[in-house]
Amino acid sequence: MKRKPPSDSPFEAQRKAAQRAALNALRRARRSAEKAGVSLSEWEGEFLDSVSDRVKTHGRAFADPEKGVPGQALSAMQGRKLKEIAAKAKGEGPKRRWGRKRQE
């Protein structure tokens with residue numbers, strides 16, 4: 001049995017895996033919105049397109065290293081917006097970000 005020589009460092013392999021995961025999450029969000037019949041706003045559609053293009057060409061969608069983990073493909077805010085778009089596609093309402101539930 002032939003083994004492949006280790007061509008990439010573990011860091012490089014982790015970076016490529018994060019890139020694939022981000023692209024898959026972007027595709028999944030768009031597909032689930034189309035399948036559910038939920039119309040995404042113009043901004044959301046443009047966001048998904050531009051982020052996927054940047055991940056494909058540059059390997060990640062943000063330039064400032066302070067905005068996210070260096071090995072990840074999406075920044076923290078891009079990940080949050082992607083989760084919000086995916087929740088909208090599933091038909092879930094917006095979640096409260098901070099604080100406790102109001103007592104009525």
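The points below take the helix pair, then the salt bridges.

1. The model is predicted, so local features need pLDDT of at least 70, side-chain atom pairs count only at pLDDT 80 or more, and totals for chains, interfaces and linings use all residues. Residues are numbered from 1 along each chain as its sequence is written, and side-chain values use heavy atoms, leaving out hydrogens and water.

2. Helices α2 (residues 42-58) and α3 (residues 76-90) pack with axes 11 Å apart, at an angle of about 130 degrees. That makes α2 oblique to α3 (angles under 35 degrees count as roughly parallel, over 145 as roughly antiparallel, 65 to 115 as roughly perpendicular and the rest as oblique). Their crossing is left-handed (the near helix is turned anticlockwise from the far one by less than a right angle).

3. From α2, residues including Trp-43, Glu-44 and Phe-47 meet α3 residues, among them Lys-81, Leu-82 and Lys-88 (contact means heavy atoms within 4.5 Å). By class, this contact of α2 with α3 has six nonpolar, one polar and four charged residues.

4. The structure holds four salt bridges (a side-chain nitrogen of Lys or Arg within 4 Å of a carboxyl oxygen of Asp or Glu). One of them joins Glu-44 and Lys-88 at 2.9 Å, N to O; Glu-44 lies in helix α2 and Lys-88 in helix α3, so the pair ties together parts 44 residues apart in sequence. Glu-44 is buried at 13% relative accessible area, whereas Lys-88 is partly exposed at 30% (buried means under 20%, exposed over 50%, partly exposed in between, with a 1.4 Å probe and protein chains only).

5. Within helix α3, Lys-81 and Glu-84 lie three residues apart, about one turn, and form a salt bridge of 3.2 Å, N to O.

Technical notes: Axes fitted to C-alpha atoms, helices over the stretch in contact; angles between N-to-C directions. Helix = DSSP H or I, 4+ residues; strand = E, 2+ residues; numbered from the N terminus. Nonpolar A, V, L, I, M, F, W, Y, C, P; charged D, E, K, R; others polar.
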